[in-house]
Amino acid sequence: MRSMTIPALLAGVLLLALAGCGEKKTELGQGGSVVTGSAGPQGAQNAARELVRCEAPVATLALAENPNGYTVGSGYHLPASPVPLVKLLAQQSGCFRVVDRSAGLRGTIQEQDLKDSGILRKNNSTVAKGKGYEAQYTLTPSLTFSEQDAGRGLAGVIAMIPVLRDIAGLAGLVEQVKFKEAQTALLLSDNETTEQVAAATGAARTTDLGVGGLVFGKLGGAAGAGWSNTNEGKVIAAAFLDAHNQLVVQVRALQAKELPPPVPTTAAATRSRGG
């Protein structure tokens, strides 16, 4: 035992540290957390603790796809659009009432066409013209994603230290350390004036420290998985959360516009009956 030198002890500690680092660390700003939970009549449920919120919505909001697309490598098997993710953030924050201009709008038009063609019941009151709410603002997300592999650089440092260099396999383990980064932007425009009234950027970085296959590859261990099941998806979601938080700071200063009536709920119906 006395023959064990201090450098050898340090090498052992480093090995143990690497062996215990199979988990992924995520930090806001330089990293982030996965967007989770729900939004609706009961408010934000199980939303990220880091989510910045508004006390009351200021206007109705539609989200638009970025006309330039999203810079994500095809090998990452991520969803084609981050818009649904940003929709959830916008509704959870309570800063806007969100109107659907994609699948939901197409569904409304389809039902109206069915009614006009005589397929639906004549007394149908759900599908009627002139009941849609206008979007007072449009939010457009932008995404730039890059992955950096710092393992080789760390391996080079290890190779320069004689005691660590001689430990079999240590340099190979260090090569499994990977950094993944995402940068995003959210652009808010007033639909009445076309003026861009607010803009915000977000950034996230995750560090994958793995040993013996614990580091996930580009598929994150699940081919075709989405934002919450891949390392790349998680860091992108975190970057959008960070961008949203930066945007809310600006949104809070906007003058509130006239909002449509609240969505009817069971609780509201009970109160209206005097229950």
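Leu143 is buried, because its relative accessible area is 3%, under the 20% cut-off. The model is predicted. Leu143 belongs to strand E4, which covers residues 137-148.

- Leu143 and Ile236 are separated by 93 residues in sequence.
- In space, their C-alpha atoms are 8.1 Å apart.

**The largest nonpolar core**
- In soluble globular proteins, nonpolar side chains tend to be buried together.
- The largest nonpolar core in this model consists of 39 residues.
- The residues with the most contacts inside this core are Leu61, Phe96, Leu139, Leu188, Phe240, Leu247 and Val251.
- At least two residues of this core come from each of strand E2 (59-63), helix H2 (83-93), E4, strand E5 (178-190), strand E6 (196-208) and helix H7 (231-251).
- H7 gives the most to this core, namely 11 residues.
- Leu61 touches residues beyond four places away in sequence, among them Ala90, Phe96, Tyr137, Leu139 and Leu188.

**The largest pocket**
- The volume of the largest pocket is about 1,100 Å³.
- This pocket is lined by 37 residues, and Arg97, Val98, Tyr133, Pro261 and Val263 are the closest to its centre.
- H2, strand E3 (96-98), helix H3 (103-116) and helix H8 (266-272) each give two or more residues to the lining of the largest pocket.
- H3 supplies the largest share of that lining, with 5 residues.
- The lining has 17 nonpolar, 13 polar and 7 charged residues.

Terms used:
Residues numbered from 1 in each chain as written. Predicted model: local features only at pLDDT ≥ 70, side-chain atom pairs only at ≥ 80, totals over all residues. Heavy atoms only, no water. Helix = DSSP H or I, 4+ residues; strand = E, 2+ residues; numbered from the N terminus. Buried < 20%, exposed > 50% of the residue type's maximum accessible area, 1.4 Å probe, protein only. Core = buried A, V, L, I, M, F, W, Y, C linked by side-chain atoms within 4.5 Å. Contact = heavy atoms within 4.5 Å. 1 Å grid on protein atoms, 1.4 Å probe; cavity = no way out; pocket = protein on both sides within 12 Å on 5 of 7 lines; lining within 4 Å. Points joined across faces, edges and corners; volume = space filled by probe spheres on them. Nonpolar A, V, L, I, M, F, W, Y, C, P; charged D, E, K, R; others polar.
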